[in-house]
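Here's a quick briefing to read with the model open. Have a look at the strands first, then the chain contacts and the confidence.

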Amino acid sequence: MQLAVNIVVLAAIYALIACGYVLVYRVSRVLNLAHGELMMLGAYLLVMTAASFSSHWLIAIAAAVGLSLLVGVLVYLFLMRKMTGEMVLAAVLTTVALGILLRGLMVLIWSAQQQYPAQRLEITNFAIALPGGARISLCAAMLVAATALVYGALFAFLRFGRWGLRMRAAGQSPLLAAQRGINLHAVYALAWGLSTLTGALAGILIALDSGLDQTMAIIGLKAFPAALVGGLDSLVGALAGSLIVATAEVLLIHYVDPLLSEVVPFLVLIAMLVVRPWGLFGTREELDRV
Amino acid sequence: MSEIPGPLLAVDKLEVVYQRAITAVQGISLAVPQGRIVGILGTNGAGKTTLLRAISGFHGIDDARVTEGGIRFKGRRIENSEPHRISRAGIALVPERDKAFPNLTVAENLAVPAGPRESTAERRRREERVAQFFPRLADLRHRIAGLLSGGERQMLAIASALVCKPELLLVDELSLGLAPVAVDDLMARLVEIKRELGITVMLVEQSTAVALAVADYSYVLENGRIVLDGDSARLRDHPDIQEFYLGQASGGARRSYRDVKQYRRSRRWYG
Amino acid sequence: MSRRPHASGYFRIGYAQDLALLQSRTERGALAALLAVLALFPFLASAFLLDLANQVLLASIGALALMLLTGYAGQVSLGHAGLMAAGAFTVGILFKELQTPFWLTLPAAALVGALLGVIFGLPSLRLRGLYLAVSTLALHFLVVYLGGEYETKRGFSTGIVIDPPTIGSFAMTSGRTWYFVLGGAAAATLLLCLNLLRAGTGRAWAAIRANETVAEALGIGVAAHKLLAFVISSALAALAGALFAYYRGFVSVEAFSLFLSIQYVAMIIIGGMGSLLGAILGATFVTLFPYGIEAALRALPGAQRYAGALFAVNYAAFGAVMILFLVLEPLGLVGIWRRVQTYFLMWPFKHRPMAGRSR
């Protein structure tokens, strides 16, 4: 039973991170490999706001999340916008470079020490008992709930919201969208902002649950196979992919070898690339758009 | 609608260059008076689509620029502006490819265009007005656009352009890939739209006969230059148009290579 | 008709002349002078500078390998560090388990690299661009994981120590010896690359990079050439990794992180894609970069306090420089060099070439 809980929690983590990859890719065809670092930045922003709002945890979290949204928008406006005319690969390498830059900056500003924002915000991460003798920590449970909420909101937004519709349109045919009066830069900036927001939410909740240190960016990178396995432009796929990768990882760690934890997502990735490169729910033609 | 002095759209000695190396359009000057249908004729590669793209705005990936000359819409220069700004200014393009968003439904396709600022009610009214021109679309409201037939997709393309409340409608190759009956039907609707909504139309066509039937005034493009212009009657009577664009040989006799000297008449254009 | 190239054109009268590596007396002279300078260098430089030069030479081998694969054949690879790790670990494992001498381990490393190259290259038959890069990334993690597994399972959790290679009683430990060895290796790699590129293989790769479908239609075996690119590139990378293992005397999985892969990609981008000179320039730049940053930190007043976090400063500066090159000068250092060259060649004319994007 505990295994099942672990799977659900890990899947929720991957899913919350993966939707960030999907949002940016679906709308602007760019793979944001700095997502892990941006996620970490969100957690560090919480450390910062926790210092100012140490007795109001909700405000601290909201402020950190809001700042992350701003960061995402700014990253697009000042950096990625310049790469919109270039080859996709150049844009992806730019995100890689951005990730490296952020990594360095974060250590310089906040040092590489492990941080515990939960302590600073006076949140006690107690364990909740579940049927079957399993336990789940409060923050982990919050994370699962947050993932469900975020996905619900995103589905509704993309399906019914005016800007959600514009994001879908811009993802399908940017030229036609521009010709129909849609400001592509605004749409892309929104996608980046939402992506960073959801990533930061994941980073914040993980930091509250188990502390914040430099290894968080690796979790961000591990979530990427989850997004790709489901299909880089499908939110439903991100959910499915996260579940698959999390299941494989938890089971293999438990029954085979704990050291496998870092490599299992990539094994699943390789398997999927061999069998069905566009993922479970992705659109097939993506492959030929190099 | 107030009459503005001068043409609605004026193109002045336009030059468009792709990838800094290929000149697609050279020295084109034309004027589109308000309330008229202006035709742009020519064969493949004549520069017609480039001209429309230059007017409606180049996207980043095209790597094309207007390098000389200008385009004035309602007196304001719009060359090298971004496509969405030109759309908001009142020019809508019905493209040749990418006519609709393939994975959105017809209803969503009509909801997506960002028109001028207006209330939801006004917007709803306009969508319905547009839908009246294409009753077929009402039945297809929930169909995914990628699954529509060619004619239906063309109707959707025109409708979504109209939702932007344009003053100038640019139509690229309406007749391409459609049966003649469907083409006639669409053309009739286009004339009706022009009349009832009071918009100006610029029609790019490879099918000269179709264009001359509806256009008030037309320009003929070859290799990126305008070689002839005039109203439909004049063009229809012009022997070169008849020979090269309408397929009517002078004299009606069977053609043979002995008549090669007739092709040298094309040099008349540049004389 | 002049056979010496000069500003008004090149006049070659035969294929042999066209393919020749050195086209003119001036070029031959320049090369001789360069070789003389390079040969004198180790006798004039300090041990520190010698170490720098050795690192640059090592990096050049890897950079040339990646340039062949990504810059010429157009196959993106983010797994370069994994291949170098494979070479290094081959040396380490053979040394520790079987005490194999270097003249066997080096070819073995190259062979392992070649085999891995086939595996890394298989996805390229189905995938392109982004998805190919991702597959190489995944394979990199796999290789690194296997290396880590070996380390922990065999108890070398801090890494494997390797003895320097010995020929008879002569052990290669001095920087100067390594300089000539690595210099020779780098020169051999460069020559190999030049020869591959001016032969049919190079032309096939250029065709594949430009348009695969057309290349296939022209009768070029696209699959075979892609795999060949991967195999050669991986073998060279593994060799570089093996040499690195011997040079450092130490093999550990931490040295072959994703960051190293990115550094090699940065080398070919900063240097300038599609140019062997670019690979070498990029390798030099990226290798010397951290030392430059360190020197800058020491020189700038007030920056002393960051000296403790040198690693982070390096990261940040490297990321920033990479972004600058990607956004502002995608043609890299070679692009800048060519612009300078064109300026002087064309002077006093200012004519800018029409063809090709200079952004």
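B:Val11 has its bridge partner, B:Ile71, in β4(B). That pairing belongs to a set of 8 bridges that join strand β1 (residues 9-18) of chain B to β4(B), with the two strands running antiparallel. Keep in mind that this is a predicted model.

**The other partner of β4(B)**
- β4(B) is also joined to strand β5 (residues 76-77) of chain B, by 2 bridges, and this pair runs antiparallel too.
- If you want a place to start, take B:Arg72: its bridge partner in β5(B) is B:Arg77.
- β4(B) and β5(B) make a hairpin, with 2 residues between the strands.

**A closer look at B:Val66**
- You'll find B:Val66 in strand β4, which covers residues 64-73 of chain B.
- Is B:Val66 buried or exposed? B:Val66 counts as buried because it has 20 C-beta neighbours inside 10 Å, and 20 or more is what the cut-off asks for.
- Setting aside neighbours within four places in sequence, B:Val66 is in contact with B:Leu14, B:Glu15 and B:Val16, and also with B:Ala54, B:Glu79 and B:Asn80.
- B:Leu51 sits 15 residues from B:Val66 in sequence, and their C-alpha atoms are 9.9 Å apart in space.
- As a general point, side chains in a regular strand alternate between the two faces of the sheet.

**Where chain C meets chain A**
- On the chain C side, 36 residues are in contact with 32 residues of chain A.
- Three helices of chain C each supply at least two residues to the side that touches chain A: α6 (129-153), α11 (258-271) and α13 (310-328).
- Which helix gives the largest share of that side? The answer is α6(C), with 13 residues.
- By residue type, the side of chain C that touches chain A splits into 27 nonpolar, 6 polar and 3 charged.

- Chain A has a mean pLDDT of 88, and 98% of its residues reach 70 or more.
- Among the elements of chain A, helix α9 (residues 184-210) has the highest mean pLDDT, 94, while helix α5 (residues 117-120) has the lowest, 78.
- Watch residues 286-290 of chain A, where the pLDDT is below 50.
- Beyond near neighbours in sequence, that stretch of chain A has 7 contacts in the model.

Technical notes:
Residues are numbered from 1 along each chain as its sequence is written. Chains are lettered from A and ligands numbered from 1 in the order in which they are written. This is a predicted model: local features need pLDDT of at least 70, side-chain atom pairs count only at pLDDT 80 or more; totals for chains, interfaces and linings use all residues. Two residues are in contact if their C-beta atoms, placed from the backbone, lie within 7 Å. Helices (H or I, at least four residues) and strands (E, at least two) are DSSP runs, numbered from the N terminus. Ala, Val, Leu, Ile, Met, Phe, Trp, Tyr, Cys and Pro count as nonpolar, Asp, Glu, Lys and Arg as charged, and the others, Gly among them, as polar. pLDDT is the predictor's confidence in each residue, from 0 to 100. A residue is buried if 20 or more other C-beta atoms lie within 10 Å of its own, exposed if 12 or fewer, and partly exposed in between; C-beta atoms are placed from the backbone. Two strands pair if DSSP finds at least two bridges between them.
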